[in-house]
Amino acid sequence: MGNEQEFIKVKNFIDGEWVEETGVELEPIFNPSTGEQIGEVPISTPEASAAAVESSYAAYDAWRRLPVGKRVGYLFDMRRAMQDNVEELAVSIAIDQAKHISEARGEVQRVIEILETACGIPTMIQGETLEGIAGNINGRVIRQPLGVFGGIAPFNFPALVFGWFIPFAIGAGNTFVYKPSTQSPCFMQKMGDIFNAIGLPKGVINIVHGHRNIPQVWYDHPKVSGVCLVGSTPTAKSIAEKCGRGGKRTMLLGGAKNYLVAMEDVQPDIFIDNFIISCYGSAGQRCLAGSIVALVPEIYDEMIEKMIKASKKVVVGDAMDPNVYMGPVISAAAKKKIENYIDIGIEGGSKLVLDGRNPNIPEKNKNGYFVGPTIFTDVTPCRRIAQEEIFGPVVSVMKISGIDDALELIQAQEFGNGACIFTQNLYYTEKFIAEADVGMVGVNVGIPAPHPYLPFGGIKDSHLGTDKVQGKDGIDFFTQNKIATVRFSPPTGYYTGGEGEKDVASSTKPQDVRSCVAR
């Protein structure tokens, strides 16, 4: 990538066409690595959102009637196009979201894997048949799409959230209106070109940029069947309430506060490697980032020393620099918020043993939004830095008495996204898996993210709704069951029993009983 960055003018993608919004506010897009403006994104009107819904609704009937093999054919083509353009797609993430380029490549690759899983939809949406319910009657369960869905993406995973929602939704026969984050819209601009390149029918996917006024249109729109979100818990609860009044389905992933628990038999090298990945990958801006490290007394001092030593080796800098490990946070506001939490930690009595404020970075990145690895020790559960989602590379270390203590702390928090334990003990392992009050558990891994074939999502305030993203849960959310009761031959009388059986019709008339089901 050269030094010259073409100025990016983000457009909406409606009915298969790029639409430049006029007469609306334009917000700047910044490169967080440099602080430089690299483009602008329109804050579209509710009318643009409504137009996108109408486009998707108009496309729905023909799309749902398209044979499933042909719908999946578009997913195969999408996967192939992404594979052919991995680097370009990764760069689009690195320049506006500022995830390090190596992690951006990994994010794109994970979406390709999700598409590969979604290509198996013909086997995942098969229904069920029950023969011989009564006489000549069979029953069937048929999976069908619902209609138009809306999706809202956060800034931190512009590609992954697209993968969680859209392939499963459209593969099952639905159509989709998608609102990317205004802070990281560039990836979906590339995807819009891919949709056209593979010949995806107009209206199957629409992209609209803006703020909360865009999804606000969906909540009571009669042509919208459901809404998906990855974002904060307060936003998820607000959407759940609004969609509940409108009778719409919701798949809402909220905030998190994830524990890494290390027991006395931990393998130090494995723990430290995973601690670095979990807490500092994506600059701590992800829902499965390690935020609290819980250590038993036997290893407390030793592990803290190793954590500090390893954290000091983390190179912070430009997201496009191959020699860098951790890029910047998303914005100046995010940097200020994280630094404010560092102040809160100090004022609350926790010990700041590694200060990530004002990290050493190259001159060309001096205006970027950087916070380095930060570690607090002597943290207690009642302190704000131990309870609230910071969304940055800030780690709180707690001393625990044992596994029961760790499980109680995890259970007490409002969030329930993920938790990991580092141990070689089978008892600790199985107890943690069974009792950790979270939706995703890791054993000797720092990020308990399930592979695409399995559901992804937390519990408690980390997830609102019944179905999680990807895997079979994704199919369940984007389909509804229709039950068919089928009599396949006409009735021949009161009773159609076999030869030699009593002819009820010729005997004493039975007591009149009217069943509520077909017989």
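Which helices do the buried residues of α2 pack against? In this predicted model, the buried residues of α2 pack against α1 (46–65), α3 (86–96), α4 (101–118), α5 (121–124), α6 (160–171) and α7 (186–197). The buried positions are R71, V72, Y74, L75, M78, A81 and M82. An α-helix has 3.6 residues a turn, so residues three or four places apart point the same way.

Helix α2 covers residues 68–84. At 1.5 Å a residue, its 17 residues should span 24 Å. The C-alpha atoms at its ends are 25 Å apart, which agrees with that expectation.

Two packed helices are described by the angle between their axes and the distance between the axes. The axes of α2 and α6 come within 9 Å. They cross at roughly 150°. An angle over 145 degrees counts as roughly antiparallel, and α2 and α6 are therefore roughly antiparallel to each other. On the α2 side, the contact is made by V68, R71, L75 and M78. On the α6 side, F162, P167, I170 and G171 contribute. Of the α2 contact residues, R71, L75 and M78 are among those listed as buried.

Helix α3, another partner of the buried α2 residues, also lies across strands β1, β4 and β5. It runs at about 100° to β4. These strands form an open sheet of 3 strands, in the order β1-β5-β4 and with mixed pairing. β1 (8–9) and β4 (26–31) stand at the edges. Each has a single partner strand, so one side of each is left without a neighbour in the sheet. β1 pairs with strand β5 (residues 36–42) in the parallel sense, over 2 bridges. Within this pairing, I8 stands opposite G39 in β5.

The loop between β4 and β5 holds S33. Is S33 buried or exposed? Its relative accessible area is 1%, so S33 is buried. Beyond residues up to four places away in sequence, S33 touches A98, D318, A319, P328, N365, G368 and F370.

All 7 of the 7 residues of strand β11 (residues 224–230) are buried, so the strand is largely enclosed by the rest of the structure. Strands of a sheet pair through backbone hydrogen bonds, either parallel or antiparallel. Strand β8 (residues 148–152) runs parallel to β11, and 5 bridges join the two. F149 has G226 of β11 as its bridge partner. β11 also pairs with strand β12 (residues 249–253), in the parallel sense and over 5 bridges. Here G226 stands opposite R249 in β12. The chain crosses from β11 to β12 through helix α9 (residues 233–245), and this β-α-β crossover is right-handed.

Leaving aside neighbours within four places in sequence, L464 is in contact with A236, K237, A240, T250, M251 and L252. A236, K237 and A240 fall within the range of α9, residues 233–245. T250, M251 and L252 fall within that of β12, residues 249–253. The C-alpha atoms of L464 and G442 are separated by 22 Å, with the two residues 22 apart along the chain.

How values were computed. Residues numbered from 1 in each chain as written. Predicted model: local features only at pLDDT ≥ 70, side-chain atom pairs only at ≥ 80, totals over all residues. Heavy atoms only, no water. Buried < 20%, exposed > 50% of the residue type's maximum accessible area, 1.4 Å probe, protein only. Helix = DSSP H or I, 4+ residues; strand = E, 2+ residues; numbered from the N terminus. Pairing = 2+ DSSP bridges. Right-handed = clockwise from strand over helix to strand, strands pointing away. Expected span 1.5 Å × (residues − 1). Contact = heavy atoms within 4.5 Å. Axes fitted to C-alpha atoms, helices over the stretch in contact; angles between N-to-C directions. Parallel < 35°, antiparallel > 145°, perpendicular 65-115°, else oblique.
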